[in-house]
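Reader: I'd like to learn how to read strand pairing and helix packing in a model. Can we go through one together?

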Amino acid sequence: MSSTTITGEQLKTVAPQGNALSAIQIFEPSFRIAENLDMGSNPNALPQMYVRGRSGIGTLGLDESLTSEHALKNDPNQPIFMLDGYEVSMEKIYDLDIERIETYTILKDAAATAMYGSRAANGVIVITTKSLPAGRLNVSYSGNFTINAPDLSSYNLMNAREKLEAERLAGFYDTDDPSQIATKLKEYNGKLQNIERGIETDWLALPLRTSFSHKHSISIGGASDAFRYGLDLMYDDQEGVMKGLNRKKMEAALTLQYQYKGLTFRNQMTTTLVNSQESNYGTFSDYVRMNPYDTYLDENGNIGMNMATWHSGSPYRNPMYDSTLGSFDKGKRHEFYDNFDVRYYLNKKINFKANIALGYIVSDADRFTDPAAARFQNTTKKGQLVTSRQKESNYDINLNGYYNDQIGKHNINFVAGLNIRETKTNYEGFTYSGFPEGGFSAPGYAKDVDTKSFLESKNRLFGALAVLNYSYNDIIFADLSGRIDGSSQFGSNKRFAPFFSSGLGVNIHNLKFFKERTPWLTQFKLRGSYGMTGSVSFPSYAAQNKYELITDWQSPTGDAVQIKYLGNPNLKWQRTMQTNLGFELSVFKGLFYASYNYYIKDTHDMLADMTIPTSSGFTSYKENIGRMDNRGHEIKIQSRIVNTENTIITLLFNGASNKGKLKKISNSLKSYNDRVNDFYHSGEGGNDLQATPQLRYIEGNSLTGIYAMRSLGIDPGTGQELFLRRDGSTTFKWDPAENVLVGDTEPTMSGSFGVSAYWKGFSLDAYFMYEWGGQRYNDTLRTTIEMADILNSNCDRRVLSDRWIEGKNIIARFRDIKDYNTVTRPTSRFVQDYNYLNMSSLSVGYEFKRDMIRKLGLYRLKLQFNCRDLFTASSIQVERGLSSPYARAFTLSVNASF
């Protein structure tokens, strides 16, 4: 079985302030969180993650706009999360108090995940909370106090004088029209006068702050004879570096346990309240693009509505003005879970466990845009309120029987069980418009109700499983498991799905030959597994037609409905055949440890949204469309180089590589590539979409490929880009049919390394993350250099140094500086090798000796100082955190037990 277990204490050395998900990457290389260059360190941005590569497509790139905000979208590559035996959402785990966590276990291969059947193809993350303490009353407190400082090191913007020079070189003040000479000269001199007056507005600083976050956890627990109890309380105030951005969490968990003879009863009630608010300062990139010779204050020292008008055209809006209005974007989520289980020990060999988990979640979102906001400057209907409420209720029932017996040198463990799960979701959303002013944001003040959306969904799952584990003398071990799932998410013609796994291993070090001759060999295990798991990462209504109530008018014959979604009754589970081979090696009692895994994930019947002719009345439907192959390696090395009574020093290194390849695709997916070509030919979608590489689906290539036309660079004679066709000829004309695979974002290797040290109560943990061998399409080269709006927006300094300038800079990386209207279509010139090194975490701590704190009434006291993301070294220069910047976090932690 291929799995990794991480303790809560390990996670806290990396992320003491919360978000344990980000810390998993340090200890498990196959678990990766996708980089989000847009949202940066926004605490309200939920991460995207995957285990052992991507094997799902989901919504196709050109169809993403067709997916409504409220749709029940499922990430096709996200693992499932099991908390104390029942499935929960990723958002629940994201907000879970790290102080309550006992262990995280990442299950990766079929032998480890097959018992979860149709949900397990993307891996399973099993979270176990701390067990109730025995003995006397125990009170623990944990406090984390964090300073978050904006990290703007990725921005390389011009100062005011450089910006004006770039405008001059771009030819904005050149003219052959005598009537325009005075106008252009006036504009140039006006800007120059501002510069000479000392105007150098630091726009990047205006919406930002150095924020302070704090988190407090209290745990109370104890026991009396057969009764145990525990109460956990948490308050977490996370403040982002954008002004007004925050996420506040409160959690309470009450756990009771009673034991009577062979029966153990346990019940845990948890309630969580999360309030989130986005910054009313808008998007950070709005400030990045402002010209430094402009000021946000008018002649009276007030924040002006519009910027100075230097030339003809609509006035540019002052982004600071919108921050003074009554706009808001906030959310609220309230969760309640009750998890009850009873365990009965018939004898030492046989026991039974029944578990039922109930969940109820209410999520509200309200986004109000003030009537005076910039977006309504040229509209007659001003102000907008978008509201939504989603209610979800679920139950998860597990009934399991366990048999364990030792017969001589033979150990047998058998598990059989049933699982029943149901989830109901109700959604309603409204869009209101036409508000009198910012202080009146309630729906009753709206002039019109623009849209109404209602959605009900229900999905049920029934599963039956059996698991058999066998070992002989702790030398040979084998396991076999099977599960059958019936799910309402499958098409009506494909309701049930079987899944299985098998595994075999040998503990070489326990063989008599090695025991006698290699006493230094602590562990040497060989193992392998093979099995099939599944995935149903699509909404519950995808397999059936969905109808919507018509609310805009009343039919004479009564209420009317229209078909809203075209279902596919033949939709079936996505099957993944998994093979895993590996070993574990340890010598001299932990002096050196290494583990290795080689895996193959062969995914059949991949799921994706497929487009169909609009004459059918629909644009897309779900379909099983192809086959995907992922193959990879994982390695972990750990060495305890010092291990004495007072000193322990451990070095660790891990890495993973994955290569994905489409082995088979349907004709409908092949036709999508023609749609991409038509999209580029049509020019639709605006300049940004036309300049964005679109994924092509080609057998033999991956899902992470970058497609563009091959470039020979900038022609020194003309300042224009020269392209290379498939046939080897050259051209200045870009053609979508000539787009080929020019890179892949999947790295050759990624992982982490670090050191953990302990000396007489002092501890030091330092961890680095690395990645090398992949490529990125560097969009910063397009948006801030080659397609930069040089006249109206600030730009990257490389506009001055690296753009083609006639008679001055003809050996250049970027097009003629005077060519500012041409769209740069996807080109291999912007594909760059991406290697990076990030100092993810540095922690220094001290745990006081018990005799030092006993007089204070303390049982345990530990202080820890942690720094996150101290630096990032990258082979490419790209702007990071366009909507919300990245931040460096500095945390002081206090842990005390009474």
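Reader: What stands opposite His214 in β10?

Author: Asp237 does. This is a predicted model, where local features need pLDDT of at least 70, side-chain atom pairs count only at pLDDT 80 or more, and totals for chains, interfaces and linings use all residues. Residues are numbered from 1 along each chain as its sequence is written, and side-chain values use heavy atoms, without hydrogens and water.

Reader: How many bridges pair β9 with β10?

Author: Strands pair if DSSP finds at least two bridges between them; strands (E, at least two residues) and helices (H or I, at least four) are DSSP runs numbered from the N terminus. Here β9 and β10 (residues 227-239) are antiparallel over 11 bridges. They make a hairpin with 2 residues between them, and Asp225 in the turn has a positive phi of about 55 degrees. β9 (residues 211-224) also runs antiparallel to β8 (residues 138-151), joined by 11 bridges, and His214 is the bridge partner of Phe145.

Reader: And how do I describe two packed helices?

Author: Give the angle between their axes and the distance between the axes. Axes are lines fitted to C-alpha atoms, for helices over the stretch in contact, with angles from 0 to 180 degrees between N-to-C directions. For α5 (residues 160-169) and α6 (residues 178-196), that's about 165 degrees, with axes 10 Å apart. The two helices are therefore roughly antiparallel (angles over 145 degrees).

Reader: Which α5 residues meet α6?

Author: With contact meaning heavy atoms within 4.5 Å, they are Ala160, Arg161, Leu164, Glu167 and Arg168. On α6 they meet Tyr188, Lys191, Leu192, Ile195 and Glu196.

Notes. Parallel < 35°, antiparallel > 145°, perpendicular 65-115°, else oblique.
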